[in-house]
Amino acid sequence: MLPVAVDAMGGDNAPAAILAGAHDAVAAGIPVVLVGPEGLDGVGDIPLLHASEVIEMDEDPAGSVRRKKDSTLVRCAEAVRDGKASAMISAGNTGATMASALLRMGRIKGVARPAIATAVPVPGSTPTVLLDSGANAEVSVEWLAQFAIMGSVYSRQRFGIENPRVGLLSIGEEPGKGDTLRKEGFELLSRTKGINFIGNIEGRDLMTTEVDVAVTDGFTGNVVLKTLEGSLKTVIKSLFAAFASTPEMQAHADALMPALLPMYEQFDPDTYGGAILLGIDGVCIISHGSSSPRAMLNGIKVAKEMVDCDMVGSIRTALASLAD
Amino acid sequence: MASLDRAGVLAIVRNNLAEILEMDAAAIGEGQSFVDDLGADSLALIELVDALETDVAEQTGKQFRIEDEDLADLKTVRDAVDFVVGQLG
């Protein structure tokens with residue numbers, strides 16, 4: 001396969017954590033091309049595609065992509081567009097990653113706007129796909145239907161769910177609950193072919209086996225995601241504090257560790273390696289800004305998996321059959 | 001070096017808008033507003049400007065750029081066409 005283009009300068013821990021993850025991916029047999037400044041330390045034997053500029057985390061997404069044409073993000077997207085890479089991954093500025101992918105790789109026909117799909121862990125089961133988790137703060141009803149179709153394809157291809165149950169995130173299960181977007185969204189999703197719409201879901205359903213794909217606008221999705229992350233961190237921190245409170249508790253905790261560690265791993269965002277930008281005419285993985293080497297490795301693995309299963313082609317087919 | 005007249009610029013604007021907004025190019029009128037009439041959002045306008053820069057540069061053989069501060073003044077299809085024609089001199 002063509003290499004995965006890795007933005008060496010994206011993220012709070014770049015370039016060290018990114019390079020470490022890229023080396024681990026190469027060791028695991030996944031070809032990688034790094035995109036970064038000439039002479040970057042630590043590249044080793046991995047090919048380096050030169051890019052002289054970096055888009056910072058706080059820069060205006062669309063404006064920076066237009067101004068910084070030789071940035072690592074823009075060059076990553078161009079590598080995919082020009083057939084030099086099979087996919088791209090960045091832990092950098094999320095908005096600029098989306099703008100780079102959109103402007104350089106383009107959209108799949110029938111997709112108004114790409115959406116960020118995030119895997120939300122479900123204990124003992126496959127994750128729930130939450131989308132949009134941050135690409136579009138405001139969405140139209142029609143976009144929600146497109147998100148539902150793309151999320152269903154993703155759930156099927158990545159997690160093996162044959163007929164994914166799609167829920168619309170709202171404030172109550174009844175069809176009339178929610179604001180105008182949710183009410184109209186419910187009506188449209190009920191009529192949308194090719195999806196298994198089960199109606200409204202609530203925030204508490206996300207980490208259960210009640211639903212496989214949760215559809216919402218990017219503003220709500222991002223708030224939900226960050227709330228879940230923060231809550232889980234708080235719970236885990238409190239647990240560890242309780243474990244360390246007395247020697248007796250510590251002994252009990254040591255005995256429980258073999259059961260707790262797999263649970264911790266399932267809740268750790270690094271396990272999933274990043275979210276995918278669905279609707280782009282190419283594979284683009286957006287990793288957490290604070291990505292560790294393990295997160296990058298897992299993100300690169302997801303990128304390869306998405307190329308291997310032809311995620312883009314499957315979404316294109318699903319949307320085309322809907323238009324027929 | 002190839003030249004580009006007003007009709008050529010209009011065709012470029014229309015064709016790119018049609019592709020970005022997935023609509024019929026023939027249905028796009030010069031007097032139409034990007035946002036109010038055609039439903040383009042800010043990202044769609046960035047896509048349009050990016051595509052215009054590429055297409056105009058390709059057809060004229062000269063670098064062509066629309067600055068962000070100029071973008072704010074482009075409200076209608078006619079505004080965009082007039083701006084590009086004006087820049088080409």
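On a 1 Å grid over the protein atoms alone, a cavity is a set of points where a 1.4 Å probe fits but cannot get out, and its lining residues have an atom within 4 Å of a point. The model is predicted: local features need pLDDT of at least 70 and side-chain atom pairs count only at pLDDT 80 or more, while totals for chains, interfaces and linings use all residues. Residues are numbered from 1 along each chain as its sequence is written, chains are lettered from A in the order in which they are written, and side-chain values use heavy atoms, with hydrogens and water left out.

The second largest cavity is lined by residues of chain B, namely B:Phe34, B:Leu45, B:Leu48, B:Val49, B:Leu52, B:Leu71, B:Leu74 and B:Ala80. Its volume, the space filled by probe spheres set on grid points joined across faces, edges and corners, is about 30 Å³. Helix H2 (residues 42-60) of chain B gives the largest share of this lining, 4 residues; a helix here is a DSSP run of H or I of at least four residues, a strand is a run of E of at least two, and both are numbered from the N terminus. The lining has 8 nonpolar, no polar and no charged residues. In these classes, Ala, Val, Leu, Ile, Met, Phe, Trp, Tyr, Cys and Pro are nonpolar, Asp, Glu, Lys and Arg are charged, and the others, Gly among them, are polar.

The largest cavity has a volume of about 40 Å³. Among the residues that line it are A:Ile108, A:Leu277, A:Gly279, A:Met311 and A:Ile315. Strand S10 (275-278) and helix H10 (311-323) of chain A are the elements that each give two or more residues to this lining. By class, the lining holds 9 nonpolar, 2 polar and no charged residues.

Now turn to the place where the chains meet. Contact (heavy atoms within 4.5 Å) takes in 15 residues of chain B and 16 of chain A. How many salt bridges (a side-chain nitrogen of Lys or Arg within 4 Å of a carboxyl oxygen of Asp or Glu) are there between chain B and chain A? The count is 5. One salt bridge joins B:Glu47 to A:Arg113, with the closest N and O atoms 3.3 Å apart. On the side of chain B that touches chain A, helix H1 (6-21) and H2 each supply at least two residues, and H2(B) gives the largest share, 7 residues. That side divides into 6 nonpolar, no polar and 9 charged residues.

How values were computed. On a 1 Å grid over the protein atoms alone, a cavity is a set of points where a 1.4 Å probe fits but cannot get out, and a pocket is an open set with protein on both sides within 12 Å along at least five of seven lines; lining residues have an atom within 4 Å of a point.
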